[in-house]
Each structure stands twice: as structure tokens, then as C-alpha cells.
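Good morning, and thank you for coming. I would like to begin with the disulfides and then turn to the pockets.

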Amino acid sequence: MWTTGATHAVHTLSGGLMMIDYSWRLSLAAIKAGSLLLAALLVIEPAKAATESVAIDVVARIKERCGFAANGPASITAPRDLEGAANFSLAVGLDCNTPYALGVTSQRGALTNVDANDDGSGFSFSKRYRVSVMLETDKGAVRSAPCASDEMADGGRCAFASLVPGRGLKSGAGISVGRNAVISIDWAAQALNQPRLAAGRYKDTLILVVGPRA
């Protein structure tokens with residue numbers, strides 16, 4: 001706020017006229033206050049610079065899935081003559097986008113004659129065989145050791161025998177989308193496994209289960 005002081009002198013002129021002479025002066029306090037106000041008006045804080053980058057987190061998720069691909073084999077016909085040796089494989093499609101495990105069990109523990117029962121004739125009515133498993137994954141193949149069919153019954157000691165999804169032969173860090181589990185089956189010639197086999201149809205069922213690794 002400006003503070004002023006004023007003095008004046010009155011001079012009497014001829015003819016009865018008066019002239020008033022005003023002399024203005026600014027006090028020291030007024031000068032200082034005016035200077036501060038002027039400085040306040042002139043000091044403008046510089047605007048802050050705009051941020052040059054913005055980070056936006058985009059988060060999404062793919063649910064785990066693991067199962068057999070559609071149109072997989074429902075059955076396989078083994079070589080007709082069980083007296084001879086055999087070695088063959090079948091591929092089962094997998095669709096697992098997460099590490100998983102495949103379990104394989106044998107329903108009967110052997111190929112069993114479904115047309116006749118053991119009648120004490122001295123012939124054999126069942127034939128053991130072996131199974132091994134290979135998993136095709138994006139990290140490479142995972143292979144099991146072979147297991148005898150009688151070790152693959154539920155509760156058997158085969159490492160990959162399991163009826164629980166997520167247990168059995170583990171895929172490690174690998175996943176299998178559009179890849180296969182390859183089941184290999186073999187047996188020896190019956191001449192090495194006396195006695196001879198009785199005539200009839202022989203059957204066993206392999207049960208495969210797959211699921212995210214437990």
C-alpha cells in the first residue's frame with residue numbers, strides 16, 4: 001500500500017487570489033512496500049514440465065487346460081498271432097498348455113482270454129506284455145522306462161501307473177499343444193513264455209489319464 005505525505009503553502013496574490021502549492025513526498029516505508037509489491041508481481045513461478053512417459057500395465061491370463069485332443073484312437077488291433085513277438089506303437093494327441101503328467105494303467109494286468117477260462121488243460125490263458133511312454137513336448141521328448149503289464153494295474157509299482165489326473169509320467173517344464181503321447185507295446189514270442197496259449201480272443205484295456213501336474 002502506498003503511503004504519502006503532503007505539505008502545502010498558501011500564497012496570497014494581489015487581487016485576492018490565492019495559489020496553493022502542494023509538495024508531495026513518499027515516505028521510506030512506502031517506497032519499500034511498493035518495491036515488495038512490485039517484486040511480488042514480477043516473480044512468477046515457472047510451470048512444471050509435462051511428464052514425458054506414461055506406464056500402463058496390461059494384465060491378462062490364459063486358463064490352464066490339459067486333455068486329450070479330439071479324434072484320438074479308441075482302440076488298436078494287435079498282431080493276430082500272440083505266439084510271435086510283437087512291437088508296435090500308437091499316438092494319442094494332447095492339448096496341454098501347462099506342465100502336466102500322464103498316467104497309464106492296465107485293467108487286467110495282462111492280455112486275457114475272453115472266450116475261455118483256465119480249465120486246467122495246461123495251456124495259458126493270459127499273456128504279459130510291456131508298455132513304455134514317450135511325451136512330445138516343446139522342450140523335447142520325455143521317455144519312461146518300460147513297465148510290465150502286471151505292474152501297471154491300479155496300485156502297481158510302475159512309475160507312471162496312475163488313475164489320478166496330474167500324476168504319472170511328468171512332462172517336466174514342457175507343454176504339449178498339438179503334440180502326442182506315444183504308447184509303445186511289446187511282448188516276447190510265446191516260445192520263451194511256456195506254456196502255449198489257449199485258442200481264443202485276448203484282450204486288455206489301457207486306461208490313460210492326463211491333467212496339469214499335481
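C66 and C96 form a disulfide, with sulfur atoms 2.0 Å apart; a disulfide here is a pair of cysteine sulfur atoms within 2.5 Å. This is a predicted model, in which local features need pLDDT of at least 70, side-chain atom pairs count only at pLDDT 80 or more, and totals for chains, interfaces and linings use all residues. Residues are numbered from 1 along each chain as its sequence is written, and side-chain values use heavy atoms, with hydrogens and water left out.

The link of C66 and C96 is right-handed, with 65° about the S-S bond. It joins distant parts of the chain, 30 residues apart: C66 lies in strand β3 (residues 66-68) and C96 in strand β4. Strands are DSSP runs (E, at least two residues), numbered from the N terminus. C96 counts as buried because its relative accessibility is 0%; buried means under 20% relative accessible area, with a 1.4 Å probe and protein chains only.

The structure holds two disulfides. In the other, the sulfur atoms of C147 and C158 are 2.1 Å apart. The torsion about that S-S bond is about 85°, so the C147 and C158 disulfide is right-handed. C147 is buried at 7% relative accessible area, and C158 is buried at 5%.

Which residues lie nearest the centre of the largest pocket? They are I76, T77, A78, L111 and D204, among 33 lining residues. A pocket is an open set of points on a 1 Å grid over the protein atoms alone, where a 1.4 Å probe fits, with protein on both sides within 12 Å along at least five of seven lines; lining residues have an atom within 4 Å of a point.

Technical notes. Helices (H or I, at least four residues) and strands (E, at least two) are DSSP runs, numbered from the N terminus. Buried means under 20% relative accessible area, exposed over 50%, partly exposed in between (1.4 Å probe, protein chains only).
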